[in-house]
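Here is a guided look at a model with several chains. Take a moment with the picture, then read on for the details.

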Amino acid sequence: MAQNDKGPSSAPAPLLKVDGLSMSYGQIRALKDVSLVVHPGEIVVLIGANGAGKTSLLETILGIFPPTSGTIEFKGEPVGGVSADRNVRSGLCLVPEGRGVFASMSVHDNLLLGAHHNMKNVDKNLRRVFDWFPILEKRKKQIARTLSGGERQMLAIGRSLMSAPSLIMVDEPSIGLAPIVVNDIFTILKKLNQEGYAILLSEQNAYKALKCAHRGYVLETGAVTLSGTAEQLLQDPGVREAYLGV
Amino acid sequence: MPLPVYYFISISAINILMSWALYLPYRVAHLHFLTIANMAISGYTAGWLVMSLHVPFWIALLIGFALGGVMGFLISFLIGDAPTFAVVIVGFTFIYITRTVIENTKAVGGTLGMFGLPSIGGNPVFHRWAILIILFAMLVIFGFLIHRFDHSRLGRAASTTFMDKDLASSLGIDIKKMGMLLQTASCIIAGGCGVLYGFIFKSFHLDFFTFHLVGIFMTIIFVGGYSTMWGSLLLAPILYGVPLLFPPAIASWRIVIYGVLLITVLVLKPEGFITRKFVHSIETVLSSKRKIRNM
Amino acid sequence: MQVFLAQVLNGLSLGSIYILLVTGFNLLLLVAMIIHFSYPQVVVFSMYIAWVAMKYTGGGPVIGVLAAVGAAILMNVFCAPLFQKVMKKRGEVDINSTMVLSMGIGMIITDVLSHSFNNGFPISFEGLLSGHETIFRLGLISLQSGQVAALGIGIVAVSGFFVLLYKTRAGRAFRAIAEDPNGAKLVGLPILRTSLAGYALTGLLGGVSAILLAMLFGSASPGLGEQVAHKVLAVSIIAGLGNLVGGLVVGLALGVLEALVQGYVSGSWSNSIAFVIMLVVILIRPKGLFGIKL
């Protein structure tokens, strides 16, 4: 399923390269000159408060919004302004905030939706998702509405895996979940990364996110104010005060 | 007075009153089509009472009001707090059942209808003036009552219910009682209107009480503005009268024009022309003028 | 016994009309997330367009079908954005506005038909379409080719669409987009392409339904749409909104029930049955006998 098993950050070409990206919708300037990279095999985290622009950034990269300036390169190809469905086909995907699960459809159908652009290996991929998340297999025929918050998060991640992505973007995975469940989710993300998936993750829960990431960026009102390795950010006094409650 | 003027005023008055009848339940998001069935039932009953049993008109009219009220009240036990969809369906159902019963009842003329109702007071001119005076009285009385309702605690409760039923319940508003009150009131008005509608033409026919009529009332309410009573008041005579000014070739497209207006308003300006904000700003201006005069 | 069988056959025929129309309605709901209460009027409009096309080109059923399908697709494409704009109300579906919009569309169609086509007189498909030949007769019982076609196509359509929607990739995409267009975009589903396919599909069914109705009735009038629209509404509520299989069963059952009442009870009581049942269902089991499948 994974398309690149190289280790973190030493690979020559970045998987995702965002350069000077700005985006506005209507009067609101959501992103101001944002630059970031994600290398194959990395977990990169976006930290920021509510409204800092994390969701806008991920959705712009995905192709929901056209950039007003700047470039986005995925696997070396420019993808700014390309539609979301084309990007998903090239290996980029998003696990949206609020899970992005279709409540009226079954777990099985939700997973198959993820394979919409990649039906060739669907049985193999489905088998792997069920190996990762046995609870989903157990609830295969159930309507997604009947799943718990944590199970829905797993379903959303499983669905994204069905498209055999190279880069998985996850928007605020911990929202609305109990702390124990949040731990489980982060463990899963770490394990996926070890399998070779690159992950770009946005989180308000800065501590847990930084603990499992390689590098991070701090986003404030649409601009990157700080970047570095996870360790550096964990030690940074500004970050500690604003996001780690220390 | 010339006949066309009589018809214009009387029909416009009925349109205003029926729009108000539909406005009231819509204050809590109920499209109460049962009122059309009320019109038919009260109307035909009154017509039959006057024609076959020689009951005096004004008694028949009162019975019409009462019949509407009783029916509305009893049914509101079931749908006072029902979801909007259910209220619509119940209304439709009763319209069909009523029409079917009337169709199959020879005593009220079946599909042919009832014709040749006697003039009130035995005199056609007196009849027309009587109708107009009654309609005018209804407009004043019901208009006053609705206005008082809108500006009372109950009216605000209704607005809250319209926006969010659950929020309203949690604030202590009794949704069911509110629904029952509004539905019963609307059916009382509709009952009276049904009687008068037939007596304007001195006949009753199934074609008077169709979904066509529903469409006309919907247009008046939604284009005029469903959040205040003034929209219907203003728009009913305009919508009815303006097409009459045009040559018949254009006027016959009346219904299409209503439909287009209705759709346009729904898509572009859902609140209608006379919005609550507009009315409020006029009231503010009027009350400030009063303040200046009193100073 | 003959009367009974004859009425059952009539009922099946009536039922297949209900099936065709309620399936179109359900499809629009499942595929385009539109609650189009005046869909039957759109179908009647397509019948008229087919009539015009066949009359003025002298062409046969094929021209009629093409014209009807084209008309239905155009109406879908035109009405869909209106419904989508009007239906949203703070995350919930605004049934009232949708209903009123449907009434508006129905009003316009019915009135345009009474003005501009044949001076408001009913149109006849005599000589343009076959479907009235009796292919089987036994005393009072007679079976017309149009009736067989309508029922056959109705059942095939329901089965086909059921398989499409619930067992195929395209069907999953339709349902996902209908439930949550924004979520579907985020998952990478092609929205525009799928929506257009949805309108085409439902337009196809609408056009085919129009021709079948023309074959069955042999004529059409401006008021036909409204008469049938309310019955179709009743069928969809009794069955459960969006329930394809339910629509099939209830449509047939209602058709047969109405025909039997028509045959055995004097007077025009058959029209009310649907509404009485609908009333009972809505008060006792609001989600319909087979459940809502939204």
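## The four-stranded sheet of chain A

Let's start with an open sheet in chain A: 4 strands, in the order 2-1-4-5, paired antiparallel. Strands pair here if DSSP finds at least two bridges between them. Strands (E, at least two residues) and helices (H or I, at least four) are DSSP runs, numbered from the N terminus. At the edges sit strand 2 (28-38) and strand 5 (77-78) of chain A, each pairing on one side only. Inside the sheet, strand 1 (residues 16-25) and strand 4 (residues 69-74) of chain A run antiparallel and are joined by 5 bridges. For instance, Leu16(A) has Phe74(A) of strand 4 as its bridge partner.

Before going further, a word on the source: this is a predicted model, where local features need pLDDT of at least 70 and side-chain atom pairs count only at pLDDT 80 or more, while totals for chains, interfaces and linings use all residues. Residues are numbered from 1 along each chain as its sequence is written, and chains are lettered from A and ligands numbered from 1 in the order in which they are written.

## The six-stranded sheet of chain A

Chain A also has an open sheet of 6 strands, ordered 6-7-8-3-9-10, and its pairing is mixed. Strand 6 and strand 10 (223-229) of chain A are at the edges with a single partner strand each, so one side of each has no neighbour in the sheet. On average, neighbouring strands of this sheet are turned by 20° against each other, direction ignored. Axes are lines fitted to C-alpha atoms, for helices over the stretch in contact, and angles run from 0 to 180 degrees between N-to-C directions.

Strand 6 and strand 7 of chain A run parallel, with 4 bridges between them; Leu94(A) has Met169(A) in strand 7 as its bridge partner. Next, 5 bridges join strand 7 (residues 167-171) to strand 8 (residues 198-203) of chain A, also a parallel pair. There, Val170(A) is bridged to Leu201(A) of strand 8.

Which way do the residues of strand 6 of chain A point? Leu92(A) and Leu94(A) go one way, Cys93(A) and Val95(A) the other, and all are buried. A residue is buried if 20 or more other C-beta atoms lie within 10 Å of its own, exposed if 12 or fewer, and partly exposed in between, with C-beta atoms placed from the backbone.

Helix 1 of chain A lies across strand 1, strand 2 and strand 4 of chain A, at about 70° to strand 2. Helix 6 (residues 149-161) of chain A has 13 residues and reaches 19 Å from its first C-alpha to its last, close to the 18 Å expected at 1.5 Å a residue. That expected span is 1.5 Å times one less than the number of residues.

## Chain A as a whole

In total, chain A has 10 helices and 10 strands. Its radius of gyration is 17 Å, close to the 18 Å that the globule rule gives for 246 residues, so chain A is as compact as a globular protein of that length. The radius is taken over C-alpha atoms, and the rule is 2.2 Å times the number of residues to the power 0.38. Of the 246 residues, 49% count as buried.

## How the chains meet

Of the 2 pairs of chains in contact, chains B and C share the most contacts. Two residues are in contact if their C-beta atoms, placed from the backbone, lie within 7 Å. Here 32 residues of chain C are in contact with 33 residues of chain B. Helix 4 of chain C gives the most to its side, with 14 residues. That side divides into 20 nonpolar, 9 polar and 3 charged residues. Ala, Val, Leu, Ile, Met, Phe, Trp, Tyr, Cys and Pro count as nonpolar, Asp, Glu, Lys and Arg as charged, and the others, Gly among them, as polar.

Chain A and chain B do not touch, and their nearest C-alpha atoms are 20 Å apart.
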